[in-house]
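Open the structure in a viewer and keep the selection panel at hand. The stops below say what to select and what is there.

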Amino acid sequence: MRKRGKGQGAGGTRGSPVLLLLVLLPLAFLLLFYFYPLASIVGLSLAPEGRLDLAGLVHLVRSPYYVRTLWFTTWQAALSTLLTVVVALPGAYVFARYVFPGKSVLEALITVPFVLPTVVVAVAFTALIGPRGVLNTVLMEVLGLERPPLDLQGTLAVILLAHVFYNAVLVVRMVGTQWANLDPTVVEAARVLGAGRWRAFWEVTLPLLAPSLGAAALLTFMFCFTSFGVVLILGGGRYATLEVEIFYRTVYLPNLSLAATLALIQILFTFGLMSAYTRVQAWLSVPRSLRPRQVTQRSPRAVREWMVLLGALLPLLALLLAPLGALVERSLTLGDVPFLAHYRALFTNPRRSVFYVPPIAAVRNSLFYALATMVLSVVLGSMVATALSERDRRRLPLARVLDPLFMLPLGTSAVTLGLGYIVALDEPPLNLRTSPVLVVLAHTLVALPFVVRSVLPALRSIDPHLREAAAVLGASPWRVFREIDLPIVARAVGVGAIFAFTVSMGEFGATSLVARPQNPTMPIAIYRLLGQPGVSNYGQALAMSTLLMLVCTLGFLLIERFREGEVGEF
Amino acid sequence: MRKLVIGLVLLAAALTACTPSTPAPTPTPTGPRTLTIMTHDSFDISEETLAAFEEANSAKVEILKSGDAGLVLNQAILSAENPLADVIYGVDNTLMSRALEAGILEAYESPLLAQVPDHLELDSDHYLLPVDYGDVCLNYDKGWFEERGLRPPENLEDLVKPEYKGLTVVENPASSSPGLAFMLATIGHFGLEGDYTWLDYWADLRENDVLVTSGWEEAYWGAFTYGSQGEGDRPIVVSYASSPPVEVYFSGEDFEEAPTGVVVGDGSCFRQIEFVGILKGTPNRDLAEAWIDFMLGTTFQEDIPLHMFMFPANESAALPDVFARFAVIPEKPAFVAPADIQANRETWIEQWTEVVLR
């Protein structure tokens, strides 16, 4: 480890009391809105009459089923993560190294899957790979078959495919951001020294990308590990993750004691994984020489480069954009209605329902929650990341425990935490049980890890010598931050902000528990429409989904535009 | 830097503009009182009906929705010390025993119960009062069967015959309330013991390639030939007896007959009855009673079919035209006692899962 000169302190923000202060506010947030409600609900579930009731645990130990469930949960998540990385990495490379027309729109579009409700994705998948879907129809035509050759309904393949569909953007964006600033001359040097293309990738590029790749893979793993909708809906009941079991035990076969035990196991597992990851991560990340994007990125020139570009992008785009296209198509054509009929129907309330929500209001509610979540999680997340980026462990004791703590909400069942809020936050001054504020708080808990994981690798990649040099040359601490840290970190903060926005736009579980029915978000409006028979309702749900995609795409483009305008290109 | 400031100001402005309109949080003592009702996602009512109650009682009604009925009940039980609401609506006969055992309710014998048929009144102590009911039944796509010259199914037994192989989609009882109701229909119809039990039936159904989805939405919109507009390949689905009139209603067209049919053979449906009750410790007992009377009165009851797609419990409530013309009510739905459901639900669902899915 590098020895730190006194120039280190010249940044002014690096003293340990400051670090502690930085971490204190986010920690208080976590204690109040995560650990306290969680402890309340787990306590109440395991000891309903004040006496410990371990029936759930006994049941658990006796039944090999739960061991099998934990095993399935783990390996399907690992496999999904591997597939996601393999599918998305070429895309990350292309987005990092090339400039081409339509790039920012494509980047926004591939983020859209992240916000789509699972029910809607199931509709899109059925349209593409269902028994009467596009793929089977084509195969039947081409091969002259009587029956559809592919039966993917309720198979593991569909679950894996959906996990890739949802999470590929994590790898593209998080790895792509770091890749874009990687000094290409390092790889060139390796090549000059005789390394082949692959060897240079394996031994030079990949280790340099390890921090962000690790972060993206970890988040993907956590999402697949706690996968709920995908496994429940696309798996057709044959497969169950721990999260699905928790849901069953909370809602349909009420056994809260067992549900709480399962939730605890899931959290402990998450904590173990995060601790291991944190250690590896801190060890992997070394300061590196970074180059601005203008130097690393260019338009593809030779035909070969265009081939690489298309070869890397097409499979990814096919997988991510075809389902989106299928949804839009169905929202227009379902039930042979006149043009935009389902969209127009969204604006009417023929039954004069109390709960009718004009689409504009749903858009407004969603945007409110998403923007508030974004601001809150970027502020808190940047504080956490700055404190955790300190390399000298003596300056921030407990860093090894703190880092995984902030990741725990990702491994926590939404329905468990939702019930926790109802039990714990029920008295003034924290009577928030039915307050819209609670939605923002719940979303921020989930969004926080994204900000931390996006920003931390960027902060750690800054060479402290840069700061020292600037300070020596007489720059004020503020100026050091503005001229050195900010340009490098801004892009990573932007990625974190986009994910925070996205998490909130698409979140359904916690929102449905705490949102007042009069202020539904777009995903809730979609579910509400889907819950009623009648082709018109189905069509309106698809129209609302298309609106959701549109609003998100515009949102991503705007966030991106704003950030680039503010802090020059790096 | 200026851009950043402008950006932040714009963002702040956007946030303020977006703030969901919430009712003023500080109720003044002189203002109208607020009655809070906790219920499931499917609760709905028309603006006029709600306004009528609010005016007559000079009160404000606040409605809290939180997911499925099972989750709502769990929330009510967990928050018993400090109740979320004054009234709970939507506890059905599969959940009522749990609600009664938890002791979270206050009894109220509404005078309007006189207009409700006895067979809907499952709680003789009047902690839970019936508001509406609906039958979970098999629906089928009439056009699909006509096209192929195949006779639509008439009872549960038909589904396991070879000519109906691969035609049925059902919902998982572990994650869906119609799925649970249909499982209970098979229990009520085939019984737990004997030569051919309900589990034998499900084993045969599995042999006959039954498709299981997690919820009603996936079954009806994804797999049912009519609901999915041709993309699914299952012409028989577990849905409600009220689905055909609702299909007609939302199509906006004038049908001679409904496009989907209902299997109403004896013992092939399960009746869900939804109840309302007063939560223990409410400071608004009089208002809560008024609300229950209101829910059982004809104004509200006549609103039920087209808002919640259930049938009114009050016999003097008139059905809307589309229900009167297209709805069929099964005469003899299968019956399983609420106490048995409560005692065995977990076991039954586990047995079902073992036989059908593993």
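**First stop: a helix pair in chain A**

Select α11(A) and α12(A): α11(A) passes α12(A) in a left-handed crossing, left-handed meaning that the near helix is turned anticlockwise from the far one by less than a right angle, and right-handed clockwise. Contacts here come from A:L242, A:E245, A:I246, A:R249 and A:T250 of α11(A), and from A:L256, A:L258, A:A259, A:L262, A:A263, A:I265 and A:Q266 of α12(A); two residues are in contact if their C-beta atoms, placed from the backbone, lie within 7 Å. These residues divide into 8 nonpolar, 2 polar and 2 charged (Ala, Val, Leu, Ile, Met, Phe, Trp, Tyr, Cys and Pro count as nonpolar, Asp, Glu, Lys and Arg as charged, and the others, Gly among them, as polar).

This is a predicted model, in which local features need pLDDT of at least 70 and side-chain atom pairs count only at pLDDT 80 or more, while totals for chains, interfaces and linings use all residues. Residues are numbered from 1 along each chain as its sequence is written, and chains are lettered from A and ligands numbered from 1 in the order in which they are written.

Helix α11 covers residues 242-252 of chain A and helix α12 residues 256-284; their axes come within 8 Å and cross at roughly 160°. Helices are DSSP runs (H or I, at least four residues), as are strands (E, at least two), numbered from the N terminus. The two helices are therefore roughly antiparallel, the word for angles over 145 degrees.

**Second stop: where chain A touches chain B**

Now select the residues of chain A in contact with chain B: 61 residues of chain A meet 63 residues of chain B. α24 (535-566) is among the helices of chain A that each supply at least two residues, as is α11. α24(A) gives the most to this side, with 7 residues. The side of chain A that touches chain B has 31 nonpolar, 19 polar and 11 charged residues.

Buried residues make up 53% of its 358 residues, where buried means 20 or more other C-beta atoms within 10 Å of the residue's own, with C-beta atoms placed from the backbone.

Select α9(B), residues 243-251: 8 of its 9 residues are buried, so the helix is largely enclosed by the rest of the structure. B:Y249 and B:F250 are among the buried ones. Just after α9(B), B:G252 takes a positive phi of about 70°.

Definitions and conventions
Buried ≥ 20, exposed ≤ 12 C-beta atoms within 10 Å, placed from the backbone. Axes fitted to C-alpha atoms, helices over the stretch in contact; angles between N-to-C directions. Parallel < 35°, antiparallel > 145°, perpendicular 65-115°, else oblique.
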